[in-house]
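I opened the model to look up a few local features, and I note below what I asked and what I found.

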Amino acid sequence: MSPVSVTYWGISGYVIFWVLFALALGLFLRRMYQLGRYLSLGRGEGGFGHMARRLLNTAVSVLGQWCQLKNLTTKDRASIGHVFMAWGFFIYIPFYLLFIIIGGGFGLSETMENTSLFFYYAWVMDIVAPFIILGALWGIIRRYIMKPSRLEGEQTIEAMVILVTVFIHPMTHLFKEATGIALGYPPVGLGTSLPPISAALSQLFAGASPSSVQMANIGFFWAHWGFVLFVLVFIAYSRYLHMVASIFNVLLQSPPPKGALRPIDLETAETFGVSKITDFTRKQLLDLYSCVVCGRCQDACPAYASGKPLNPKKVILDLKEHLLAVGPGLLSGKAETAANPGESLIGEVVTEDEIWACTTCYACQQVCPVANEHIDKVIDLRRNLVMEQASIPETAEGALRSIEDRGHPWRGTTLSRTDWTEGLGIKTLAEDSDIDILFWVGCTGALEDRSIKVSQAVAKLLKLAGIRFGILGAEESCCGEPARRLGNEYLFQIQAEKNIELLKSYNVKRIVTACPHCFNTLKNEYPQLGGEFEVIHHTDFIAQLLKQGKLRIIKGIDDGAVTYHDPCYLGRYNDIYQPPRQIIRSIPDMRMVEMERNRNDSFCCGGGGGHMWLEERIGRRINELRTEQAMETEAQIVVTACPFCLQMFDDGIKAKAAEEQLRVMDIAELVAESAVYHPYSV
Ligand code: SF4
Ligand code: SF4
């Protein structure tokens, strides 16, 4: 076929293109402006420091697609499709910008398409196109044929439109190029071969007349740009919005440590927590725009899995729907319009049962590809319930009152904080403050029968290793963690300030604790109130002692196979996964078998977020689900490193009448039972 000069424009085409472009851009910007104004209804929050680190994190997460790749497992390969589509778009989008900016300035396509820049760019787009098509195809297959549980009910027209546009759009590019090549355009002779896929497709048009190929070429050109402009508009009106919102959401996500909840300034706060959509921060509202409805949080959530009324995805989507419904009324100042923007979210948009069902296990945030932060929203809603409305489940209220009155949440206990030390020769700091490390025992470790044995095991190990340690004894008071997770920030801050003052008065520098909840609070939350200490979890500490040779294990216990349960506040919150596994592997004759859900995919025991003091009235018990998962491994011991997990498994094993099959131990007990010697005493 002889070369034919192709023009997509003519003067009318030129005008049509720009009119359509202006229309699409106008609709896009109008909606973005509107969405931006709804965001502005949220509370402003400063302090977005560390911009270089944020930008790097965003580049890795978004450009590098770590947000998706982190979830790639043998069970879930959905990320592959998204990565193909996203990387493809990252290559296509600059081309469109070039086309509009440079092409527009030079009289559009004819000039631009004859440049080497265009030629080489077209080459890259040619290679990338099949990957985008495959990614979209994979998405369609998964969503509409395989239908994994997390995508149940998500076979919507909106989702289909998105996937189909992603599927067809690169095809129109390929066929536009293919017909162009069939027409002898773009010109060869730039010293490189033609884009291979378009060149191959051009053979389809080998026998066709030049005029029909030219018609097809023009058709594909307009179809391609039609899709581009449609997607531009659709981004602003559909879940495509995540393409824009999630970039900013990742950029502005809460800074580390991830275990620290945002404090309330009790001196200046006019209201506590969130009761209206406008009580959320702008970042919290941005979360709502960013959700891509992937359902990963739903799949990961133990509350949802156990039949509780909580689904983190639904919470995000309900809040988004509410914001979009009440936004116009709030902006126009007509608070009483349609969906009454002034009304409380609690009960109307998010129910109390949803709010109290969260164990704050972090599984939803761990998997969310757009860095949504579900937990702070739940806690803000709890804060309002507890601190403004005095509405809290009775059992939790009892625990909080016990902290206020007795400094611990275990009302009814007859034990004192030092009963567990009887006969062990452990000194309190009041007796002798010349120590290297403080053993922070925690309320559960001191006052709950089963956990007392763990405290004794830790003390035994510290002694065997020759560590100079002490405890606070009667002076120790609840770290405040249950109060904070149950929404009583006021009580948390009182407890924290009291403890910080006490620790400083004894000049404590290093703290070891066997409770991941105390550990997380002392390590990550006390610095918010001026308490900076080196806090070490006992798993880490024991692993160090073994490594340094200060402890030595010379024989294993009888039971052969053990499985390890990662406590949420140790694993997902503080990334401590390896030390407990190293300890177990260092025990002779001990075989380690992993549960299917382990490490950052671990399934909550059901005890976090104040749930040790909340009744599980609805659905199955989370601890029983986790116990079943442990039993599936056929291990004889489930090892954990948290007093709450210990109790939860203990109850779970009893409920399943599985005492003969499985027992639960803390890692310190396992080491203490495995014959430990100070090397110098052997
Ligand atoms: S923190 Fe855990 S329990 Fe709460 S919503 Fe997320 S996954 Fe569910
Ligand atoms: S909140 Fe995150 S994990 Fe949950 S559905 Fe939305 S994007 Fe997916």
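Which residues of helix 2 are buried? I found Arg54, Thr58, Ser61 and Val62, where buried means under 20% relative accessible area, exposed over 50% and partly exposed in between, with a 1.4 Å probe and protein chains only. They cover an arc of only 80 degrees around the axis, which puts them on the same side of helix 2; the arc is that of the directions from the helix axis to the C-beta atoms. On the other side of helix 2, I noted Ala52, Leu56 and Leu63 as exposed.

Before going on, I recorded the conventions: this is a predicted model, in which local features need pLDDT of at least 70 and side-chain atom pairs count only at pLDDT 80 or more, while totals for chains, interfaces and linings use all residues. Residues are numbered from 1 along each chain as its sequence is written, chains are lettered from A and ligands numbered from 1 in the order in which they are written, and side-chain values use heavy atoms, with hydrogens and water left out. Helices (H or I, at least four residues) and strands (E, at least two) are DSSP runs, numbered from the N terminus.

I then turned to strand 1 (residues 437-440), where both faces are covered: Ile437 and Phe439 are buried on one side, and Leu438 and Trp440 on the other. Strand 1 runs parallel to strand 2 (residues 469-470), joined by 2 bridges, and Ile437 stands opposite Phe469 there. With strand 3 (residues 510-513), strand 1 pairs in the parallel sense over 3 bridges, and Phe439 has Val512 as its bridge partner; two strands pair if DSSP finds at least two bridges between them.

Which residues are around ligand 1? Among them I listed Cys301, Pro302, Cys358, Cys361, Tyr362 and Cys364, a residue being near a molecule if one of its heavy atoms lies within 4 Å of it. By class, the shell around ligand 1 has 10 nonpolar, 2 polar and no charged residues; Ala, Val, Leu, Ile, Met, Phe, Trp, Tyr, Cys and Pro count as nonpolar, Asp, Glu, Lys and Arg as charged, and the others, Gly among them, as polar.

Last, I checked the backbone, bearing in mind that most residues other than glycine have a negative phi, and most peptide bonds are trans. Pro256 and Pro257 are joined by a cis peptide bond, with omega of about 0 degrees. Ala390 takes a positive phi of about 50 degrees although it is not a glycine, and Ala390 is exposed, with a relative accessible area of 64%.
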